Amino acid sequence: MPQFRDKAGRIKAMRWSALAPILAVTMLAATPAQADTLREALVAAYMNNPTLTGARAEQRATDEGVPIALADGRPNSRATSIYQENFLVNANAFAAPARQLTARVEVNVPVYRGGQVRNAIKAAKERVDAGQATLRGTESSIFSQTVAAYMDVIRDEALVRLNRNNVDVLETNLQATSDRFEIGDLTRTDVAQSEARLETARSDLETAISNLIRSKEVYIQLVGRPPENLAPPPPLPGLPEDPNAAVGYALENNPDIEAAKEQIEAAEYDVKSARGTRKPQLDAFASGDYANFLGSLGGNIPGVNFIQQQSNAQVGLSLTVPIYQGGRPGAQIRQAQARTGVAIEQEIAVERDIIAQTRAAYASWQASLQVIESAQRAVDANALSLEGVRAENSVGNRTILDILNAEQELVNAQAQLVVARRNAYVAGFTLLAAMGRAEARDLGLDGGVLYDPEVNYDRVRGKLNDFATDPDPTAEATRTDETPAQTVTYGPIDK
């Protein structure tokens with residue numbers, strides 16, 4: 001079952017607000033009252049996302065590998081009882097019993113198993129460590145997806161507002177163009193151009209609405225609840241100065257790399273355990289037998305009283321020396337060695353992947369920052385250009401098409417700025433995740449105690465009771481089948 005440990009005094013949390021801002025993001029809309037924050041979204045995903053809660057359950061299953069391995073080195077005992085009716089006996093067996101009840105108790109204590117048990121226990125412990133690192137990687141991945149979904153909603157809401165405002169402006173332009181056409185100031189071509197640009201803007205608005213609904217549904221999938229007035233996210237902490245520093249930090253701290261290294265250690269212990277199958281095995285044993293013939297022993301011999309019960313007990317040592325096993329040990333060793341090779345190659349593959357992710361995320365982050373600067377300048381320049389074109393059109397130096405083009409260029413620049421801000425934030429968080437700095441313990445989530453997989457491992461590793469089980473599991477993640485289908489409503493139109 002889930003186990004938790006308070007983070008106070010144990011986990012050093014890196015809080016967003018406590019670190020110097022690196023990347024400030026301000027979207028087009030001001031922060032609404034009572035807005036959902038990114039922290040709240042991450043907390044909800046941390047507590048309720050089924051991928052993450054399932055990964056915790058998987059880790060609890062991995063924890064049980066240690067007590068299973070330990071059990072092979074512990075004493076074991078069993079009792080056997082048999083009742084039988086001897087309805088057909090040899091004619092010469094005058095003293096044979098007609099029925100009997102027997103019982104046997106055995107205790108076996110493994111003394112030496114050629115290192116199989118010891119190395120199997122070490123391999124299981126390494127897999128627990130690997131599983132805990134994998135769980136951290138899953139946590140980081142869910143956070144990255146949540147941040148991307150959060151920023152997608154903010155981006156698409158901004159794009160819907162931009163396109164809605166553009167439709168409103170073009171509707172006003174079309175009305176003005178039609179009025180001027182009525183008085184003969186403009187031609188039918190000018191009206192047609194305005195109509196065409198308006199219909200294109202309306203189709204762009206519908207596309208933006210569809211994209212926003214999709215982003216909201218992805219948000220619900222990850223967080224478990226609909227987005228409500230999402231606030232602009234806080235600055236990202238601790239981003240590196242250059243890609244080499246980012247890669248160096250990632251190689252030391254990325255949980256996927258750590259998990260891959262632990263898997264290599266576990267596979268090497270599997271090889272040592274397999275080699276133990278060729279070595280002698282020594283066991284200590286004790287057993288006792290009891291038989292009761294239920295008064296039927298010697299029943300065919302009159303006048304003779306036989307003892308109707310008998311018992312015996314033994315203790316000793318059993319030494320087994322393998323001589324030939326049909327080639328099985330060699331095959332098991334080679335198999336374990338091959339799997340070690342697989343683990344080694346997978347560790348290299350994971351390292352390559354993390355290096356590529358880190359460098360790509362850094363490049364995307366830097367490029368997005370440059371795009372933000374250029375797009376902001378483009379927005380300012382296009383706004384000034386549109387104002388000038390409108391003024392020149394009023395004195396007959398510019399056409400309606402010139403105004404329409406200037407308006408479209410301004411909208412395009414504004415959309416590019418919105419997208420660049422989203423991309424910069426997501427790339428920055430992806431970079432932190434690749435560096436191993438996007439876990440709950442790094443983000444200082446305040447949604448309650450942090451899940452600590454070590455608690456469950458400490459709970460189960462020393463259990464000796466054959467009947468110590470947990471209650472049947474129930475769902476921890478929240479369902480989304482009752483959340484309403486997402487729609488888009490408009491706020492006040494920016495003039």
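Which side chain meets that of Glu 106 in a salt bridge? The partner of Glu 106 is Arg 78, with 3.1 Å from N to O. A salt bridge here is a side-chain nitrogen of Lys or Arg within 4 Å of a carboxyl oxygen of Asp or Glu.

This is a predicted model, in which local features need pLDDT of at least 70, side-chain atom pairs count only at pLDDT 80 or more, and totals for chains, interfaces and linings use all residues. Residues are numbered from 1 along each chain as its sequence is written, and side-chain values use heavy atoms, with hydrogens and water left out.

**Salt bridges**

The structure holds 20 salt bridges. Three of them are listed below.

| Pair | Closest N to O distance |
|---|---|
| Arg 422 and Asp 152 | 2.7 Å |
| Glu 392 and Arg 398 | 2.6 Å |

The bridge between Arg 422 and Asp 152 links distant parts of the chain: Arg 422 lies in helix 9 (residues 400-434) and Asp 152 in helix 4, 270 residues apart. Helices (H or I, at least four residues) and strands (E, at least two) are DSSP runs, numbered from the N terminus. Arg 422 counts as buried because its relative accessibility is 15%, and Asp 152 is buried at 16%. The terms are set by relative accessible area: buried is under 20%, exposed over 50%, and partly exposed in between (1.4 Å probe, protein chains only). Glu 106 is likewise buried, at 16%, whereas Arg 78 is exposed, at 57%. Arg 78, Arg 104, Glu 106 and Asp 289 are linked in a network of salt bridges.

**Surroundings of Ser 287**

Ser 287 is found in strand 4 (residues 281-292) and counts as buried because its relative accessible area is 8%. Its side chain makes polar contacts with the side chains of Arg 104, at 3.4 Å, and Gln 314, at 2.4 Å. A polar contact is a pair of N or O atoms within 3.5 Å; within protein, one must be able to donate a hydrogen and the other to accept it, and residues adjacent in sequence count only if both atoms are side-chain atoms.

**Helix 4**

Helix 4 (residues 116-182) has 67 residues and reaches 96 Å from its first C-alpha to its last, close to the expected 99 Å. The expected span is 1.5 Å times one less than the number of residues. After helix 4 comes Gly 184, whose phi is positive, near 85°.
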